[in-house]
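Me: I've got a model to look at and a few things to ask about it. Can you walk me through the numbers?

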Amino acid sequence: MTKTLVEQLADFTAGADYARLPADVVEESKRIVLDSIGCALGAIDEPKGRIGIQYGRMTGGTGGDATIIGTGERVNVFGAAFANGELINTLDADAVLPPGHVTPYVLPGALAVGESTGASGKDLITAVAISHEMSYRIGKAMDYLRDFQDGKVTPPPVYGYSSTVFGATAAVGRLKGYDPGVLAHALGVAGSIAPVNSFRSWSEHAPTSTIKYLMAGALTQAALTAAHMGELGHRGDLRVLDDREFGFPRFIGTRRWEPEAITDALGDEWRFPAEQSFKPYPHCRILHALLDSLTEIVTDNDIKPAEIDGIKAWVEGFVMQPLWVNRVIERPHDGQFSIAHGLALGAHRVPPTKAWQDPALVFGDSVLGLMDKVEYETHPDYVKLLSGNAASRPAKIEVTARGRTFVGERRYPKGSKSPEPGTAMTNDELVAKFRGHAEGVLAEAAVDRLVDAVLHLEDVEDFGGVMRLTARTDG
């Protein structure tokens with residue numbers, strides 16, 4: 001009999017071999033771990049991060065065997081995964097991959113279980129690669145936020161990142177050494193208990209919920225539950241991905257379901273590295289190409305915020321929704337998605353680290369005043385350029401100052417692989433970003449040790465030692 005999609009994913013998870021992973025898969029997996037730990041360190045004093053830590057303590061108990069990043073506290077895997085998922089996602093600086101955000105959902109369980117089981121660095125890399133490849137492939141099978149029809153971008157009426165529950169569950173099951181049968185039932189359970197896809201509700205209702213597009217902590221716990229239910233003997237729905245009418249495609253409200261994207265050359269070809277992106281700015285990715293151009297303009301011409309008479313931007317076609325057009329900034333979270341606030345803040349030339357969350361900057365008169373001088377409209381060639389390359393994010397910006405108009409244009413934002421040289425973030429650039437987020441949390445020597453350990457993760461015998469290096473040593 002032909003195996004179900006869930007069974008094929010289980011076979012892929014159990015059969016993946018570190019020794020056969022392509023070099024770019026190993027490298028990208030390590031970069032994801034480094035970037036994510038840095039994002040978490042930068043978030044420990046932010047409201048969303050603090051709440052995640054507090055709830056992680058409540059559910060994690062004491063004397064556990066998994067670390068909450070930035071605290072040195074050890075709780076059980078459920079508490080640590082919840083807290084670390086929220087921390088990674090707090091600044092909105094975490095890595096992105098179709099269907100959108102993947103890492104804050106699939107990595108925290110792997111970090112916690114990898115530590116608690118004494119997994120090697122190679123084991124952790126393999127689990128990270130599996131979870132991202134699986135999430136990417138399922139993301140390619142369903143609706144995408146930038147799908148277009150009849151020359152227009154048509155965001156789906158139901159959207160979100162619930163589908164990452166499979167990759168998150170697979171990572172946990174792989175690290176716990178489940179056989180394909182147990183893995184299949186765990187994945188079948190995962191599909192039946194995944195959180196709802198609430199992205200569109202979140203983006204249409206201002207002020208937006210601070211849980212964001214999907215609460216990372218909640219999905220990590222669903223994945224851990226699914227994995228353990230498979231281990232303890234529950235039967236999962238093995239056909240949950242095959243049944244388009246009554247199964248997972250219906251649960252998540254996708255209009256498009258192309259399962260061949262999931263199975264094509266699965267295990268032989270690793271496709272996620274080509275579209276894995278890193279975020280240089282702690283802000284929604286839709287603004288990054290504009291921020292690249294804006295930064296270049298104000299830096300090269302030494303333009304002060306007070307000199308700016310106006311900023312006009314041409315943006316992605318689907319963002320004229322309350323989430324992005326909002327100009328009422330009540331919390332740092334609001335600023336992470338507001339077009340006007342993001343551009344006003346970007347004009348201040350503050351290093352794009354956790355410093356962007358400083359209340360004195362977010363709510364300062366200079367930023368809020370400059371917001372009133374920001375206007376934007378849809379980029380006229382957005383669909384044409386997007387259809388030419390999936391990494392394309394066409395952006396144009398004009399800055400009026402000193403009686404002149406300075407113009408900047410980008411097709412590809414920094415952080416993504418593209419046909420243009422220099423857009424991908426190098427390891428040195430990721431390390432610099434890491435140091436900016438870790439400042440005031442880890443002493444410089446501790447940062448050096450942690451960076452070195454992650455960039456040489458394949459040489460680590462016990463991943464728990466890496467997690468223990470994240471304990472606060474400064475500030």
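Me: How far apart are the mean positions of the positive and negative charges of the protein?
Reply: Heads-up: this is a predicted model, where local features need pLDDT of at least 70, side-chain atom pairs count only at pLDDT 80 or more, and totals for chains, interfaces and linings use all residues. Residues are numbered from 1 along each chain as its sequence is written, and side-chain values use heavy atoms, leaving out hydrogens and water. Lys and Arg count as positive, Asp and Glu as negative, with His and the chain ends not counted, and each charge sits at NZ of Lys, CZ of Arg, CG of Asp or CD of Glu. For the 47 positive and 62 negative charges, the mean positions are apart by 2 Å.

Me: What share of the protein's residues count as buried?
Reply: Buried means under 20% relative accessible area, using a 1.4 Å probe and protein chains only. Of the 475 residues, the buried share is 58%.

Me: How many residues of helix 17 are buried?
Reply: Helices here are DSSP runs (H or I, at least four residues), numbered from the N terminus. Helix 17 covers residues 339-346 and is mostly covered. Its buried residues include Ile 339, His 341 and Leu 345.

Me: Which residue's backbone nitrogen does a side-chain oxygen of Ser 338 reach at the start of helix 17?
Reply: The oxygen comes to within 3.1 Å of that nitrogen. The backbone nitrogen belongs to His 341.

Me: What percentage of contacts between residues at least 6 apart in sequence join residues at least 24 apart?
Reply: Contact means heavy atoms within 4.5 Å. By that count, the share is 76%.

Key. Buried < 20%, exposed > 50% of the residue type's maximum accessible area, 1.4 Å probe, protein only. Helix = DSSP H or I, 4+ residues; strand = E, 2+ residues; numbered from the N terminus. Polar contact = N/O pair within 3.5 Å; in protein donor to acceptor, adjacent residues only side chain to side chain.
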